[in-house]
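This briefing covers a predicted model.

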Amino acid sequence: MSKNVQFNVKPGGTLKGRIRVPGDKSVSHRSIMLGSIAEGTTHVTGFLEGDDSLATLQAFKDMGVQIEGPNEGKVTIHGVGLRGLKKPLNPLDMGNSGTAMRLMAGILAGQNFECTLIGDASLSKRPMKRVTDPLRQMGADIYTADGGMPPLNIKPTVSGLKSIDYTLPMASAQVKSCVLLAGLYADGETKVVEPAPTRDHTERMLQGFGYQVESTKLDGMQTQVTLVGGGSLKAMDIDVPSDISSAAFFMVAASIAPEADLVIEHVGINPTRTGVIDILKLMGADITLENESIVGGEPVADIHVKSSKLKGVKIPENLVPLAIDEFPVLFVAASAAEGKTVLTGAEELRVKESDRIQVMADALKAVGVDAQPTPDGMIINGGVQKPQSTVIESHHDHRISMAMTIAGLNAVDDVLIDDCANVNTSFPTFVDLVNQIGMTVSVIKENG
């Protein structure tokens, strides 16, 4: 029998200490994908043992890849090469992960077997037309359910994939990566133009595996990424940095808690992911980077955060794609800031694991915050009222569960968050770490 997991958050706490959050989810997914289609043995350390990345790992096992682990973040992948995957016996279950399903679609479009990608109730409501459209232009034989939703059924093409020159209609690292991964199997040169910078882990990791990828700045916003199909990937060792998306919860917590002094160690600070730091600094946060270095092609640093008096800001739209997964907790920061915070240009938030604009507006209003959703963002008048005691619904979205946990820090009484089992998709040790640094969060399990 399944159990409903609730978080009960007691207000208050002085947050101090040094912590290390789990490995980067985006890099963990890609380490399994590229390690599996590489030639040779890839060793991964710091792998995120969350449900999402474990679903990706299991999918490649189901396609005949020998993978050892994870064991305390260590994974060994015996790659089978670009053409070595085998037809799975059953549909591949991507769980809650949109990243996994969209990137996998690119790889599977180039295979010589039919397969189907499925997901949980949340993933089954997320749009896939954004990847099936370019894949069909490349010649892929791919089908969705009504409305362009999962499951995805992918059949082998008779004539193979052809290269494409594709301009993304929206700034999306998932769509960009899907087309690039399909491009590995295409005949000729595949070009992808993104309208604004998005995370570039796929390009960096492909280069680490010895595959030539060229990125060219077209102007202040657009970048063209080019690769030629038919090459090969050579195995490498990957040290997965801590996930800045997970660190973001602690950056906001330490910023809004009184007398906080917190260091988050070995966090990935890829410049396509650091929008959360830039936005918090615009709001007046006291954040410094220490011990900066390069690990496996990815920049990392310890992030030192002290409590500060935040102020409301108009968030620059050019930072939106660089912080797209961190807005649930940035809304919490805006709630604690003095003055008005305005977010625009973030309509992508409406097609995440939940409609994160509406769900976060509803959750913040439930605890007494003046939050008004707009079609592409939100207006929050912060610092007006301390959050009240209430019950919050997470809508099966891990980042809503964790963001509202941080919101409970400044509440006037306990906040209860319902349906929090989803936190295991990205951050299985979240509750342990928030309690370690000084918050008081208990887990309640009920038969559901």
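Two strands are taken to pair if DSSP finds at least two bridges between them. On that basis, 4 strands make up an open sheet of mixed pairing, in the order β2-β15-β17-β16. Its edges are β2 (16–19) and β16 (286–295), each with a single partner strand, so one side of each has no neighbour in the sheet. Averaged over the sheet and with direction ignored, neighbouring strands are turned by 15° against each other.

**The sheet and its helices**

- Strands β2 and β15 (residues 261–268) run parallel and are joined by 4 bridges.
- Within this pair, Lys-16 is opposite Asp-261 of β15.
- Helix α7 (residues 244–256) packs on the sheet and touches β2, β15, β16 and β17 (298–306). The direction of α7 makes about 165° with that of β15.
- Helix α12 (residues 430–437) lies across β2 and β15, and runs at about 145° to β2.

**A hairpin**

- Strands β12 and β13 form a hairpin, with 5 residues between them.
- The two run antiparallel: 4 bridges join β12 (residues 214–217) to β13 (residues 223–228).
- Lys-217 stands opposite Thr-223, which belongs to β13.
- In general, the strands of a sheet pair through backbone hydrogen bonds, in either a parallel or an antiparallel way.

**A covered helix**

- Helix α5 (residues 173–183) is mostly covered, with 11 of its 11 residues buried.

**The largest pocket**

- The largest pocket holds about 630 Å³ of space.
- It is lined by 38 residues, and those closest to its centre are Ala-171, Ser-172, Ile-324, Glu-348 and Lys-352.
- Helix α1 provides the largest share of this lining, 4 residues.
- By class, the lining of the largest pocket divides into 16 charged, 12 polar and 10 nonpolar residues.

**Cavities**

- The structure contains 2 cavities of 30 Å³ or more.
- Residues lining the largest cavity include Ile-315, Phe-327, Leu-330, Phe-331, Met-378 and Ile-380.
- Two or more residues of that lining come from each of α9 (327–336), β18 (339–343) and β20 (377–382).
- Helix α9 gives the most to the lining of the largest cavity, 4 residues.
- The lining of the largest cavity has 8 nonpolar residues, 1 polar residue and no charged residues.
- The volume of the second largest cavity is about 30 Å³.
- Among the residues that line the second largest cavity are Asp-24, His-201, Asn-270, Arg-273 and Glu-298.
- The lining of the second largest cavity counts 4 nonpolar, 3 polar and 3 charged residues.

**Backbone details**

- Most peptide bonds are trans, and most residues other than glycine have a negative phi.
- The peptide bond from Gly-69 to Pro-70 is cis, with omega near 10°, and Pro-70 lies in strand β4 (residues 66–71).
- The peptide bond from Pro-150 to Pro-151 is also cis, with omega near 5°. Pro-151 sits in the loop between β8 (141–143) and β9 (152–155).
- His-396 has a positive phi near 60° although it is not a glycine. This residue is in the loop between β21 (391–393) and α11 (398–407).
- The relative accessible area of His-396 is 46%, so this residue is classed as partly exposed.
- Asp-419, likewise a residue other than glycine, has a positive phi near 65°. Its place is the loop between β22 (415–418) and α12.
- Buried or exposed: which is Asp-419? Asp-419 is buried, because its relative accessible area is 15% and buried means under 20%.

Definitions and conventions:
Residues numbered from 1 in each chain as written. Predicted model: local features only at pLDDT ≥ 70, side-chain atom pairs only at ≥ 80, totals over all residues. Heavy atoms only, no water. Buried < 20%, exposed > 50% of the residue type's maximum accessible area, 1.4 Å probe, protein only. Axes fitted to C-alpha atoms, helices over the stretch in contact; angles between N-to-C directions. Contact = heavy atoms within 4.5 Å. 1 Å grid on protein atoms, 1.4 Å probe; cavity = no way out; pocket = protein on both sides within 12 Å on 5 of 7 lines; lining within 4 Å. Points joined across faces, edges and corners; volume = space filled by probe spheres on them. Nonpolar A, V, L, I, M, F, W, Y, C, P; charged D, E, K, R; others polar.
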